[in-house]
Amino acid sequence: MKYSPFLSICKKKLALSVAASLALSTGASNLAFAQDDEVDESLEEITVTGTRIRSDDFSNAQPSTVLGSDLLENLGVVNIGDAMATLPSNVGNNTPTANPGGNFFNGSNIANLRGLNPFFGSRTLTLVDSRRHVPTNQGDGVDLNFIPSVLIDRMEVVTGGASASYGSGAIGGVTNILLDRDLEGGKVQVDYGITGQNDGEDIHLGVAWGQRVGDNGHFIIGFEGQDAGGIGSCMEARDWCAKNVAVVTNPNWNAEGTGGPRYVLKDDVRSTSQQASTNPIFQIPGPSTCVDSGCTSFRAWEAPNEFGQGGEGRPNYLYTNMRSPVEREVIYAAYNHQINDDMTFFIEGSVGSVDTFTPQGSLDSTFASLRPDNFYLNRLQAQGINPCPLSFIGLCFINRNYSDVIDTYNETTTDLERFSLGLSGRFGDSTWTWDAYYQFGESDRSQLVNGNIQLERFNFALDAVDDGTGNPVCRIIRDGIPPGFVKDARLIQGCTPINILQPGQLNEHGGQDYAWGRLLELTTVDQDMFEAVTSGEVYEGFGAGPIRAAVGVSWRDESIANISDPSQPDYARRDYLIQYGESFGGEVEVFEYFAEAQIPFTETFDVQLAARNSEYENTAGIGTPNPGQSFKYDFTTWKVTANWQATDWLRLRGSMSRDLRAPNFRELYYGQDLQRGGPFGFCSNEWTGNLSQGFFTNTGDPCTIELRGGATTGLEAEKADTLTGGIVITPDALNMRFAVDYFNIEIEDAITPANSGLVLDGCFEGVLAFCQQITGTPFDANDLTKGYQTIDAITPTARNFRGYEASGFDVSADWVGEYSFGTISSRLIGTRMLEQLIQPTENNPQLIRNIAGTVGNTNGFLADWSSAPGWNVQWINTYINGPLSLTTQARFVKSGQLWADRIGPEDTGYDAGNPQSVFSNRTPNYVIWSLNGAYSFTMANVDMQLFANVNNLFDKAPPLMGTGTGGNASPVYFDPIGRSFRVGLRATF
């Protein structure tokens, strides 16, 4: 049963008044202390998230970074996601450049503080104007593309736990984007960007207007549009990528180490099964065998060497995109009205759309087999052409690249609407204020993969035979279903042959639409919220100032409907090689009450306390095993923060908190059935030694894998303990400020999605609960822990088990100097990651891996962790002289290791005979510079500014270490795009 957003708030919650000695803050209503007439107006720089006490990076009680609109303009930033991606405390693994063409978050910009986000979720809470934003995907992440930069006043990033202030999801911290709600007049910005390679065109337009309405009203509206072009084939776009550098297995490796390390770095790496052209390849030695003078069809194949180099194999990065294109439009409007001296009303709304379209390479056929009576094979042989002279066991094996005829692409579109209205006021002449608001939001996301090959239908269409009248027909149509057939017979309907032997003839008889198709997923997330808070002075204090407090209540209802391609029946959708999973739905209802207080014990020492109790009810929806089934749980979060102004120039600060993250919809209700014998439909049988060598290798026991969420198995919220402690130095004589803060975040019972490998490993190590998730032929039916002779099916579920711990230092410093020749300012922001400890397996909790400082290949398939460099630093310098300003920005990434689980010559204990030995396990230090300039002038009473930006000024290429985009270590930390330019014009009036 749902709570009423209004009536239930009054129910039994009046007892909250006893918590008034505790204190403030929450997302959405600027949950905060009253800003009365006694507030020191000299502190006007920034209002930091979670309080109305005027403060900034250096006066806040916990580590934080504030990026104002002036700084963003100086850096030439036109998308807030780009600014977030480069912050040292953030690991931007979901951006258009870091994840180009991906089938899950294509084109998205998602905040990921400390690299703690799980693949389909977020441990970073994103707020807009201190209100929780509606998720834009099924994993509760928020796409920053929907935030209009033209209206941004500032972005506040508070690192460390903040669940007591904002609720679930704030384990890594909070990103709060505050809009300029006091805008007066208009402003316009138009700009154009392009890379030094003349690609990746980027057109951006922003328009905003604000004005008074009568004596008591104020209205603002803004529009932002951006068309950021993508960059396609990495190999064709950049010279460094054309080298096709990759890490390959050394065929000469041996346990004695005499053949060198097991993994070596080579250039000119090619596919060992596909050629670069569009023709079918028959792996036969000897002279060419052609059917025409151009030798464009059947011919011998010059294979790569033993390291995969050279030959006619397809270049390694031919179909690797460099950047997803993003087209976005966002409109925001708000109206505020002062009803009287004690009450104000507001209403606001925003709508937006983000679209990306990314071409992809088709899924190939590797060693596709044709029977001797194949219609198209016999037709060629009748013409005296033998395309398969080395056929054996009666079959002809062929490799084929279909990218010339199959239009394969990903198109992802997200539409968003978000509306809120509220009231705020003051209780008479007291210091107590109140505010309340209601918010509605909805995001609609569609993901389409076109040209997706189907498994069984392709095999049926490939097996073409003569129908007896000289025409081709699918064998299974002519001869009927064979004995022992275990596939879904409905897949046979409409079978039409395909001809993979001759270029341009694939669809000769119309089989293409039967064997290939589109895969669509539609995701709708709805959000309703109501929140109310009151704050003010509760006690005159101990002589150092009044004790202030705030108490509040919050109600939130979110629901999801995730529909897998309603245009296709389930049996056909499940036949695709790449799937999004089954349809699922669910609802979560959350009721919370919270309090916060600030207690000044002396003029130099104060403490802030925060506590929040959260009550959750989850209800399963469409597509789940038990629609309508509900379960409830509750948890309490808290935080203690302290400030001590030890001297005029030295301040100490620290905090401790208990934070939580509730499981999201995907973790609770997701389901996917992977077909037996498909590219993902094999299980490693460690008892028999029939091990899987990876996806698409068809090794291991053919098995059905049924992935499921954890709603039916007691999935719980994650728990995290966070500690921060730091010093702030502000010597007035030097006109500078410096802060360094230690942080430690330890997560228990982290949620891990359904994983077949974990189940198999757990059973192999003798855990009965895992063995019971396996169906097959056991060695001992009375003791499943003795293993299985054959594995037929496995049903993994999402679980709480992993542990994570992240620790390090944040450093922040700034300085301003005024001289006769102008003003110079300098700002440094850096993060030193000391440890990132992960627990890879549930069955061996002693196995802990430290991935800190790993800037290469740390993420496996859908991995739930992202490593951070040892040092990640930004250094920004600005020079202003009258109308001219110049800004430089340096981004530094410390040298690091490529793999956390491999060993190179630089590592202690290196041995070339180690199965994990690698040619090198290090990347060098990496620095890129940007230069930004602007010139202001007035024309026709309009203030205008011309600006220009050069990113990656010296066109520094990424280090080629054999992983990531085109062989570079990581597009998350290194710039694969190269030098790029942006020019534009700003006008205010």
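Predicted model: local features only at pLDDT ≥ 70, side-chain atom pairs only at ≥ 80, totals over all residues.
User: What makes the link between the side chains of Q945 and S936 a polar contact?

Analyst: Those two side chains are joined at 3.2 Å. A polar contact is a pair of N or O atoms within 3.5 Å; within protein, one must be able to donate a hydrogen and the other to accept it, and residues adjacent in sequence count only if both atoms are side-chain atoms. The side chain of Q945 also makes a polar contact with that of R986, at 2.5 Å. Residues are numbered from 1 along each chain as its sequence is written, and side-chain values use heavy atoms, with hydrogens and water left out.

User: Why is Q945 called buried?

Analyst: Buried means under 20% relative accessible area, exposed over 50%, partly exposed in between (1.4 Å probe, protein chains only). Q945 has 18%, so buried is the word for it. Not counting residues up to four places away in sequence, Q945 touches A934, Y935, S936, F937, G984, L985 and R986, where contact means heavy atoms within 4.5 Å.

User: And F989, what is that called, and why?

Analyst: Partly exposed, because its relative accessible area is 48%. F989 is found in the segment after β46 (980-988).

User: How do you know that helix α8 is mostly covered?

Analyst: Seven of the eight residues in α8 (455-462) are buried: L455, E456, R457, F458, F460, A461 and L462. As for the name, helices (H or I, at least four residues) and strands (E, at least two) are DSSP runs, numbered from the N terminus. The chain has 14 helices and 46 strands.

User: What makes β4 and β5 a pair?

Analyst: Two strands pair if DSSP finds at least two bridges between them. Strands β4 (residues 152-159) and β5 (residues 173-179) have seven bridges, in the antiparallel sense, so they count as a pair. One example is R154, whose bridge partner in β5 is L178. Both strands sit in an open sheet of five, ordered β1-β4-β5-β2-β3, with mixed pairing.

User: Why do β1 and β3 stand at the edges of that sheet?

Analyst: β1 (64-68) and β3 (131-132) each have a single partner strand, so one side of each is left without a neighbour in the sheet.

User: How much of the whole chain counts as buried?

Analyst: Of its 989 residues, 57% do.
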